[in-house]
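Here is a short briefing for a first look. Please keep the sequence and the 3D view open as you read.

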Amino acid sequence: MASGRGVTVVRTSSPVLVGRGMELEVLLRTVTNGSTVVLIEGEAGVGKTRLVHELLAQPRLASLRPMVGHCQQLREPFPFGAVIEALRSLAGLPVPELSPVAGALRPLLPELADLLPPPPVPIGDPHAERHRTLRAARELMGAIGPALLVVEDLQWADDSTRQMLRFVMGDPPPDLSVMVTYRREDLAGQPPLGTAYRPPDRVSSVVLQLEPLDVAGVGELAAAILAEDSVSDDLAARLHERTAGIPFVVEELLRTWRTGAAAGAYRRTDRAFDDVRVPVLLRDAMADRLAGLPAPTRRLVHAAAVLGVPSRVEQLTAVAGTDSATAWGALTQAAESGVLFETEPARYGFRHTLARQAVYDTLSGPVRQDLHAAAIGALERLDPPPLVQLAEHSRNAGRTADWLRYGERAADLATAVGDPSAATGMLQRLVAEPDLTGPDVDRLAVKLGNVAYTGLDQHDPVATLERLLNDRRLATAARGEVRLLLGLLLVRQKGGIEAARAEIRRAVADLSERPDLAAKGVALLGTPFIGSAPFTEQRVLLAETERRLARCEDPELRISLLANLLGSRLHVGDPTVQAELLTLPQTAEDAGERRQLARARCNLADACTSVGHFAQAREFLATGTQLAASAGSPFVISTARSTQVRLDWYTGAWSGLADRAHRLLADYRDLLPVASELSLVLGLLAVSRGEWPAAETHFTHTGIEAPDDAISPIVIGGFAGLAWMRLSQNDAGGAAQAAEEGIAVLRRKGVWTWSADLAPVAVRTLLAAGRTDEARAFVEELADGMADRDAPLAHAALLVCRGELAEADGALTAAVGHFGAAQAAYGQLPAPYLAALAAERVTLGRLALGDAGANDELAALADVFEALSATRDAARCRHDLRSHGGSTPSRRGRRGYGGALSPREQDVARLASRGLTNRQIADVLFLSPRTVEQHVAKVLRKLGVRSRSDIAGLP
């Protein structure tokens, strides 16, 4: 029991845990086993909190230091709220010496000022500072271990809390267990942590799905609550029928039933529940219980139901409209009757939101409005005022002006503290208000679009914006701006690009009174990589943008237009654009200008990556990401991260690249530009390792199934990767089809600088099919398109194409020369993998010319590919070396591996774990099926598993 100033909370639920023995034992075995992660899922009232409390009370957990935080439904914007609440419990406890980075928590945890180092010097980069805070929290949790962090009701968590939990759970300290509870039904289809989560291999993990009790469980629970040895099967069945087996509803119903017994109505009959209506029943049950309480107590309980969150006595008193002495007496009665509980120190509320809702539903409309109005008066006096709660109370009190005022302030605050999800959710509800004036609709609709465009939000606002476009209150100029923002959001969605372009065209027509915004629309339509419009059409729009830019005096708009113009010109290889890049400022004081400058630099980084200016790309990424973080532009950061992944693929920074790309894909799966670029890189990595099923899946998500609704350079790369995979599988027909579809996109766009990935494999495929004239015509077409273009990557690819043609003509010396020039060109970028592929062609050409000394170079190339983890390429080189009479040196300095897997066995095991058959593995590694079969048998024996399906966890 808990108490506070004369209030005693009596526990009236089941004295024993019922129906959860197996789950409790699983949790006990898990959380006492070092670093662990536990997710407990279940609907409201199913017993998640009770299970957690029972776990924390177990003697076997005495050595673990518990830290418990709760997410609130009506949360105020506060970074990392539930985790910070949990860490407050460490106040006064001894903590080992912490590193200076732990001081980043000090502003958030003044209660731990004596434990934490001084705050570190500000970095000036919000993204980096937030990451430092995450590191600080992880260090503190690790320092006080062994410990158990519990966060309840994760479905109500803010984005920052989810981010911190993902950070900690992604690599928990050795002595920390993390447990979260949540309701799946309140997550709106989203993963509980905001993105897909997969614990590290070293971490034990459990996902518990708590289901309602069956009839036997309900009977056992009823017997425990009623202090009976048992109840009849019929009564248990009737109770289960009325409560659906939800333990909380069972407890509430039985508590009401037992209260009636005190007045002589307690009957142990099979029809005992006929007078109680359930499961909406909980409202009626609460009404019956409240009816037996004095009027002041009922009024206080009603006030608690209206406030909606655990509240102090002073707030309950003010809302109930009573004096302090009466309030304390009423609170005592409410607590003793099990209606209200001290859920937090000195704060009182309901044990469960179902109980609160049940009481709230018993109130008539006028009474609710009166209490909500009183709540506004009580909460307005707080410093700072809880804006979200004030907005909700204003809406329920029928005060539209106040609902609008507080709601908009809450959205603005959420935006300012980096919680765009809360801001978007609030703005969506505000614009749904039917009594808004036209100017209010204009302002809120535009604000909603801007917040959604700047951030990465769970609350998809597209449907809301589409509805607003049909709202007659929306002014023409505001409608044009909303259309423009809607178009920008549609570009991010799979299958949305053509619809986006249509909306942007309509927006330009609506924005005749706003030439500044119309210019942004024109610039977007002229961006070459969005959609399938030919560049000949887009060039006209870019010229129009240039004219509008010349007349533009607004600094933010100028940078916005330059972001599109300069990026587009870099993409198409304009040789004059380099000098104009100097016109971009390095930074800006205004936040809006910084956001546009960040977008401009990240756009330029993307263009530089596509055409082969890799050093410039890195520079633009570094400055652009820093600006985006300081200006609060998470979408720009997401695009920068995917560009960085593709840049790392080109430049050979492959160590850990696949894992990084997978993590980012989990975070940004719903963002078409980001997800398709990450999928392209993952597909290319998979091809280099011979992982055909994974590669095909990834290439499918680059946009090849709907190239008109894709990011053009990415979908061209997707067709190139698919063609190369088919060629590697000796599927000439499939390779030709993929290459032809890629060429069709390239020709339709007319941006030949995007040919770097596609051209070499397309020419090789055409030649393999005996279509020499087509190959030759394509190369000449490519050369004409690239004649005056600044695109080093595509020019290097053109050299490879000329080498392919020369080799097909039997001019081996000329072919070696072209391939050698390509190798040098790739090396200067640098693009080491592509350079190694060109070097392989040089070496094979020399061997064909009778240069036996090239054998050593082929062996060295195998090592280069091996260092990149390009298993398929390394195996091909070793196969060619054997074919030319060379010997393949051991990949390890000794022949005996004992119980460890040899390098070849590791390759076989990895491919087997990816679902490849023995014959497919043999084709990838240039081995015989019999040899692969022997390797698989050794792998199974060494790993101690029975079947290939048990092989997992190999990189």
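This is a predicted model: local features need pLDDT of at least 70, side-chain atom pairs count only at pLDDT 80 or more; totals for chains, interfaces and linings use all residues.

Residues are numbered from 1 along each chain as its sequence is written, and side-chain values use heavy atoms, with hydrogens and water left out. Helices (H or I, at least four residues) and strands (E, at least two) are DSSP runs, numbered from the N terminus.

- Buried means under 20% relative accessible area, exposed over 50%, and partly exposed in between (1.4 Å probe, protein chains only).
- Both faces of β5 are covered. Ala147, Leu149 and Val151 are buried on one side, and Leu148, Val150 and Glu152 on the other.
- Strand β4 (residues 65-70) pairs with β5 in the parallel sense over 6 bridges. Two strands pair if DSSP finds at least two bridges between them.
- Met67 has Leu149 of β5 as its bridge partner.
- Strand β6 (residues 176-182) runs parallel to β5, joined by 5 bridges. Ala147 stands opposite Leu176 in β6.
- From β5 the chain crosses through helix α5 (residues 159-170) to β6, in a right-handed β-α-β crossover. Right-handed here means that, with the strands pointing away from the viewer, the path from the first strand over the helix to the second runs clockwise.

**Helices α30 and α32**

- The axes of α30 (residues 672-688) and α32 (residues 712-728) come within 10 Å and cross at roughly 20 degrees. Axes are lines fitted to C-alpha atoms, for helices over the stretch in contact, and angles run from 0 to 180 degrees between N-to-C directions.
- That makes α30 roughly parallel to α32. Angles under 35 degrees count as roughly parallel, over 145 as roughly antiparallel, 65 to 115 as roughly perpendicular and the rest as oblique.
- Contact (heavy atoms within 4.5 Å) involves residues including Leu680 and Leu684 of α30 and Gly717 and Gly721 of α32.

**Helices α26 and α28**

- The axes of α26 (residues 591-611) and α28 (residues 634-650) come within 10 Å and cross at roughly 20 degrees.
- α26 is therefore roughly parallel to α28.

**Residue Pro555**

- Pro555 is found in helix α24 (residues 555-571). Pro555 is partly exposed, with a relative accessible area of 41%.
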